[in-house]
Amino acid sequence: MNQNQTGLSDSIGANVRIDAVTKTYETREGPGVHALDRIDLDLASGSFVACVGPSGCGKSTLLSLMAGLFPPSEGEIRVDGSVVRKAHPKVGVVFQTDLLLYWRTVLDNIMLPLEIKRQDREQGRKRALDLLVQVGLEGFESKYPSELSGGMRQRVAICRALIQEPGLLLMDEPFGALDALTREKMITDLEKMWLRLGNTVLFITHGIDEAVFLADRVLVMSPRPGRVDLDLTVDMPRPRNWGAAHEDPVFNGYVRQIRRIFEAEGVL
Amino acid sequence: MSVADNAGSTTVNNRKGKQFGEQAMLMLEKFAALIFGSAIILAWQIIVPLSGLSEFILPTPLQIGQRVVTEYALLLRHAGVTTFEVLAGFGTSVVVGVPLALAIFYSKIVERAVYPILVAMQTIPKIVLAPLLVLYLGYGWAPKITLAFLISFFPIVISTVVGLQSLDKGYVNLVRSMGANEFETFFKLRLPAALPNVFGGFKVAISLAVIGAVIGEYIAADKGLGYLQLQANSQFDTTLNFATVVVISAIGVSLFSILSLLERKVSFRRDSAK
Ligand SMILES: Nc1ncnc2c1ncn2[C@@H]1O[C@H](COP(=O)(O)OP(=O)(O)OP(=O)(O)O)[C@@H](O)[C@H]1O
Ligand SMILES: [Mg+2]
């Protein structure tokens, strides 16, 4: 199993290029909501990029654009060279709430993307079971979502996003709805999993420590219209340890640097 | 549970007593309606002869049951007519109501044009149209089916629309991000998510369709259970009158149960895993 995964980790991560992307939401009256202002961004293949910013600054908008849910007003986004116009086959998304379909079992929820793309079920099934083992949910495949805890449900949602082996994994505050303890466990497990899989990740969060802990790079966004105020490279060895990191002056230095921006902007 | 907790004193006995008590409670819960219903019928059976009421005023359940058995063929023939009217009316409601609900859901214009009128019309008691329907459609099946249709149509449309509209936008974004088109979004997401509401509408509708058909038969008919009941009424045959009530109820309950069964086959209830 691991051999297969390490084999993939050199190649799976997608290259993302965001080129002068602007998004203005049309509203019934008035000039519309200017959510994103000329964003230029390159995400290197296999990098873990976190994005923090005040509420309403356009983080989810950026993610939706990358997921191809709607087109940007100006500019373009490329994943591995191909322009994102509608849903891109190389992109998987995890949202803030798990969005599991309650009438489907865990396994069938994970298989949903394959059904929609009419891909081979048998192969997908094997991969789904494999993913469940990796997130610590072995044997839960025929349970229904209502039988799982919040953390377990979000793990299933992560499996569902990973079933297609996406080159780019988009996560929009995936742990925002979880309690602190579960969140901590999910964060550490996510790092381990990502180290094995090697996808490019864009991880949106409100937690500064969460962002610094997970990322190679933290983007700090300004209030609306969103721009990237700070592009911070996090240089710390992996795998990281949540408890130890919080004692680490280097880690705390990064956290303080981000906080200071928020304080200057009046966000904190 | 608290009863069970108090049962038995030694630990072994206590555990056994608890298990037994819990099982008894579960059985009681399962058959609560049956037990309660039987108790009422039993009381009826005992009290009526004691109070000296004649069969002509209030027959006993046993007399009614006997009558259902002896008039088996007659009741069945009329029940067939009524059931046909109910099913035809309900079927028309489904065939017209579900597509209309889809049109309302997918088209703003249809919604604006039709939905307010539908909601307003729900406040009209459709029963008052029955004499008019007889006037226009005659004495045959047509006015009964139409009345059953009119009366059962609204809950189907409205509950289907509500079911479709109540889906959280997040789910739509989710399947869109997987590359689903509207066709796939509908069948993988919208329809299964709406099914509990749709079946809720169907169940209300089938009960109403029975009412519609029987009322139609009251107004003008020469067959059907409503007609038979009026005949019994005019001949002061109270037992046969009650027997038709039993059969009409049986039709309603059976059709409702068939829908529930079908629902369990195709739709996963949110709470059934609890
Ligand atoms: N569909 C929409 N129509 C109009 N305006 C919208 C729409 N979606 C978002 N907006 C607006 O765009 C801005 C950015 O929204 P977005 O959801 O991207 O923020 P966010 O950074 O994800 O915030 P949060 O951290 O609270 O999730 C907000 O001011 C919001 O009101
Ligand atoms: Mg957001």
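Visitor: How many Å is an oxygen atom of ligand 1 from an N or O atom in the side chain of A:Glu173?

Guide: A polar contact with a ligand is a pair of N or O atoms within 3.5 Å. In this predicted model, an oxygen atom of ligand 1 lies 3.5 Å from a side-chain N or O atom of A:Glu173. For A:Arg224, an oxygen atom of the ligand is 2.7 Å from such a side-chain atom. With A:Tyr25, a nitrogen atom of ligand 1 is 3.5 Å from a side-chain N or O atom.

Visitor: What share of ligand 1 does the protein bury?

Guide: The size of an interface is often given as the accessible area lost when the parts come together. Taken alone, ligand 1 exposes 640 Å², and the protein buries 64% of that (Shrake-Rupley method, 1.4 Å probe).

Visitor: Which residues surround ligand 1?

Guide: A residue is near a molecule if one of its heavy atoms lies within 4 Å of it. Here 13 residues surround ligand 1, and the closest are A:Ser55, A:Lys59, A:Ser60, A:Thr61 and A:Arg224. By class, the shell has four nonpolar, six polar and three charged residues; Asp, Glu, Lys and Arg count as charged, Ala, Val, Leu, Ile, Met, Phe, Trp, Tyr, Cys and Pro as nonpolar, and the others, including Gly, as polar.

Visitor: Which helix gives the most to the shell?

Guide: Helices are DSSP runs of H or I with at least four residues, and strands are runs of E with at least two, numbered from the N terminus. H2(A) gives the most, three residues. Helix H2 (59–67) and strand S2 (33–43) of chain A each supply at least two.

Definitions and conventions:
Residues are numbered from 1 along each chain as its sequence is written. Chains are lettered from A and ligands numbered from 1 in the order in which they are written. This is a predicted model: local features need pLDDT of at least 70, side-chain atom pairs count only at pLDDT 80 or more; totals for chains, interfaces and linings use all residues. Side-chain values use heavy atoms; hydrogens and water are left out. A polar contact is a pair of N or O atoms within 3.5 Å; within protein, one must be able to donate a hydrogen and the other to accept it, and residues adjacent in sequence count only if both atoms are side-chain atoms.
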